[in-house]
Amino acid sequence: MTQETIQFPFSASGKNMLRGFSKQSHKFEVPFCELIDNSLSARKKTIGTQLQHAYIEVIVEELNNGNYSVIVADNGTGISKKQIIDENNSIFNVGHDNPNKGTMNEHGFGLKTAIMMLTLNVKEEDQFTLVSNVGEDYFRVDGPLGGISGNSMEMKITDSKDWKDGLFNLKESPSGVKIKLEVTGEYFKTVDIVGGNPGFEILIERLAEHLGVIYNLYLKEGNEIYLYYKSKSDTEHQNHKIPAIPTPFLSNKDVQIDSRTLETEIDGKKYKVK
């Protein structure tokens, strides 16, 4: 039997590839926390290898169309013009550095994938806006990734007004990144582990709890995350500072452990498991 090898060209649109990655079955908090990770990783160095404390604002608004507006902004170093678009006009030129240069072993893959996941099934023109504040320079990129209907993306040189829009205490930050996204109501509601049809206040509570647990140690170190939120019926934002929520590990003296002994039988032998 004669074997035949047929060669064929392989080509893939970057936009289509990212759209494929966006269809992973992760709940809302997984790609959302990628944005928080990026903010923590972007902390400025103070003396030697010491890092300044991160100040992060998370702003969630319930929209009339059933979707949610989500903003994540920080006081980090910002994304430079070269990182946004390089000499070859490659948009979002991140992920090229050795991961050891980051503080959380990030690879740059997460930002693009997280944006695609969070904005899946949202109209292209509403998907996201990224504003980078790098001192006196401000750069803006509007989604979707890959451009509307396959057209090329653009980076705009903008001003401080674009940076301040929608922010609270970070309005006067000398640097940082602000990402604003629109998320479908169906996807945002996956933050509630109970399921069903939870109300806005319950969703905010679940998001706050998740942030407090996941970033427990970072919050204890002095980094701060503030959650601002406004439902359709609210006239102004409510807010609270995310507390560090310790997890019940045996090494944690602040948590009382509920210890139980279970009996089990394996191959006729009885064992006690504590």
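Predicted model: local features only at pLDDT ≥ 70, side-chain atom pairs only at ≥ 80, totals over all residues.
Residues are numbered from 1 along each chain as its sequence is written, and side-chain values use heavy atoms, with hydrogens and water left out.

Rings of Phe, Tyr and Trp (its six-membered ring) pair if their centres lie within 6.5 Å; planes under 30 degrees apart count as stacked, over 60 as edge-to-face and the rest as tilted.

| Pair | Geometry | Centre to centre | Between the planes |
|---|---|---|---|
| Phe-28 and Phe-32 | stacked | 5.2 Å | 20° |
| Phe-28 and Phe-188 | edge-to-face | 4.9 Å | 70° |

Phe-28 lies in the loop between helix H1 (14–21) and helix H2 (29–41), and Phe-188 in helix H6 (residues 185–188), so their pair ties together parts that are 160 residues apart in sequence. Helices here are DSSP runs (H or I, at least four residues), numbered from the N terminus. Phe-28 counts as buried because its relative accessibility is 1%, and Phe-188 because its value is 0%. Buried means under 20% relative accessible area (1.4 Å probe, protein chains only). Phe-32 is buried as well.

Conventions:
Buried < 20%, exposed > 50% of the residue type's maximum accessible area, 1.4 Å probe, protein only. Helix = DSSP H or I, 4+ residues; strand = E, 2+ residues; numbered from the N terminus.
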